[in-house]
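Please walk through this protein chain and its two ligand sites with the model open beside the text.

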Amino acid sequence: MPEPNTGEFRLMRRYRKGVQTMRPIRGKIFDIQRFSIHDGPGIRTVVFLKGCPLHCPWCCNPEGISYESELAYYPQRCFDCGECIHICPQKAITRSFKEDGVSIDREKCNDCGACVPFCSSKALTLMGEEISAGQVMKEVKKDTVFYRVSGGGLTLSGGEPMEQINFTEALLSVAKQDGINTAVETCGYTSSSLRYKAYRF
Ligand code: SF4
Ligand code: SF4
């Protein structure tokens with residue numbers, strides 16, 4: 001915890017206020033993975049942020065590259081009920097003639113997500129959800145006891161966390177204030193001033 005009345009102390013108070021009050025700091029994520037043991041020391045919760053300035057073909061999380069929400073389809077989960085076909089306002093979904101399940105015309109689909117709640121098997125999922133920093137930290141704090149005994153904590157990943165620097169800063173600041181260890185998985189393709197904003201936590 002920083003000394004009272006220092007710049008860092010005031011920033012922490014500001015973020016705590018922003019995280020907890022009516023004007024929450026929001027960001028876009030595509031997953032929260034609990035009990036992760038490969039993304040920093042101990043047992044960790046990894047928050048995956050959307051958007052990366054690089055488009056590496058070998059990316060291990062390609063669903064995090066785009067800054068926008070995207071419709072994902074898992075054919076192995078589809079049981080061919082046809083619900084989504086009638087729901088789609090763009091008429092982008094049809095029965096697949098090649099295999100079981102459906103085909104999605106990506107030219108017509110605008111990733112609106114209207115079909116997602118109607119897919120009970122979760123074969124259709126929207127990658128990219130707007131969420132407040134407070135909601136994320138509520139999820140992260142559920143495993144505080146595991147962080148304590150294992151030396152773990154919170155890891156921000158993506159995508160590239162520096163691309164949503166206000167959200168990243170808020171999460172790291174509140175985690176630090178709550179005594180939760182923090183780590184950032186970054187491609188490093190960002191300015192030194194943004195790096196400084198995140199690394200001071
Ligand atoms: S995301 Fe929207 S446009 Fe795309 S398939 Fe689903 S309902 Fe249709
Ligand atoms: S709603 Fe889901 S399970 Fe049903 S056809 Fe569409 S993708 Fe398959």
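A residue counts as buried if 20 or more other C-beta atoms lie within 10 Å of its own, and as exposed if 12 or fewer do, with C-beta atoms placed from the backbone. The model read here is a predicted one. By that cut-off, 10 of the 13 residues of H5 are buried, so this helix is largely enclosed by the rest of the structure. The buried residues are Phe-167, Thr-168, Glu-169, Ala-170, Leu-171, Leu-172, Ser-173, Val-174, Ala-175 and Lys-176. The length of H5 fits its residue count: at 1.5 Å a residue its 13 residues should span 18 Å, and the end C-alpha atoms are 18 Å apart, which agrees. Just after H5, Gly-179 takes a positive phi of about 75°.

The chain as a whole has 6 helices and 9 strands. Of its 201 residues, 34% count as buried. Among contacts in the chain with a separation of 6 or more, 70% are between residues 24 or more positions apart.

In soluble globular proteins, nonpolar side chains tend to be buried together. In this model the largest nonpolar core has 26 residues, of which Val-47, Ala-133, Leu-171 and Ala-175 touch the most other members. At least two residues of this core come from each of strand E1 (26–36), strand E2 (44–49), helix H3 (133–141), strand E8 (153–157) and helix H5 (165–177). H5 supplies the largest share, 6 residues. Leu-171 shows how these elements meet: leaving out residues up to four places away in sequence, Leu-171 touches Val-47, Ala-133, Val-136, Met-137 and Leu-156. Apart from this core lies another, of 12 residues, including Cys-84, Cys-88, Ala-92 and Val-102.

How do the buried residues of H3 fall when seen down the axis of the helix? In H3, the buried residues are Ala-133, Val-136, Met-137 and Val-140. Viewed along the axis of H3, they fall within an arc of 95°, so they line one face of the helix.

Strand E8 holds Thr-155. Is Thr-155 buried or exposed? Thr-155 is buried, because 23 other C-beta atoms lie within 10 Å and the cut-off for a buried residue is 20 or more. Not counting residues up to four places away in sequence, Thr-155 touches Ser-36, Asp-39, Gly-40, Arg-44, Val-46, Ala-183 and Glu-185. Thr-155 and Ser-36 are 119 residues apart along the chain, yet their C-alpha atoms are separated by 9.2 Å. Beyond this strand, Gly-159 lies in the loop between E8 and H5. The peptide bond from Gly-158 to Gly-159 is cis, with omega near 10°.

Next come the ligands. Ligand 1 is surrounded by 14 residues, the closest being Cys-88, Cys-109, Cys-112, Ala-114 and Cys-115. By class, the shell of ligand 1 divides into 10 nonpolar, 3 polar and 1 charged. Around ligand 2 there are also 14 residues, and Cys-78, Cys-81, Cys-84, Cys-119 and Ala-123 come nearest. The shell of ligand 2 has 9 nonpolar, 3 polar and 2 charged residues.

Most residues other than glycine have a negative phi, and most peptide bonds are trans. Asp-80 has a positive phi, near 65°, and sits in the loop between strand E3 (70–73) and helix H2 (83–87). Asp-80 is exposed, because 12 other C-beta atoms lie within 10 Å. Lys-91 also has a positive phi, of about 55°, although it is not a glycine. Lys-91 is placed in the loop between H2 and E4 and is exposed, with 11 other C-beta atoms within 10 Å.

Arg-95 lies in strand E4, which covers residues 93–95. Arg-95 is exposed, because 11 other C-beta atoms lie within 10 Å. Leaving aside neighbours within four places in sequence, Arg-95 is in contact with Ile-85 and Val-102. The C-alpha atoms of Arg-95 and Ile-85 are separated by 7.7 Å, and the two residues are 10 apart along the chain.

Note on methods:
Residues are numbered from 1 along each chain as its sequence is written. Chains are lettered from A and ligands numbered from 1 in the order in which they are written. This is a predicted model: local features need pLDDT of at least 70, side-chain atom pairs count only at pLDDT 80 or more; totals for chains, interfaces and linings use all residues. A residue is near a molecule or strand if its C-beta atom, placed from the backbone, lies within 6 Å of it. Ala, Val, Leu, Ile, Met, Phe, Trp, Tyr, Cys and Pro count as nonpolar, Asp, Glu, Lys and Arg as charged, and the others, Gly among them, as polar. A nonpolar core is a set of buried Ala, Val, Leu, Ile, Met, Phe, Trp, Tyr and Cys residues joined through C-beta atoms within 7 Å. Helices (H or I, at least four residues) and strands (E, at least two) are DSSP runs, numbered from the N terminus. Two residues are in contact if their C-beta atoms, placed from the backbone, lie within 7 Å. The arc is that of the directions from the helix axis to the C-beta atoms. The expected span of a helix is 1.5 Å times one less than its number of residues.
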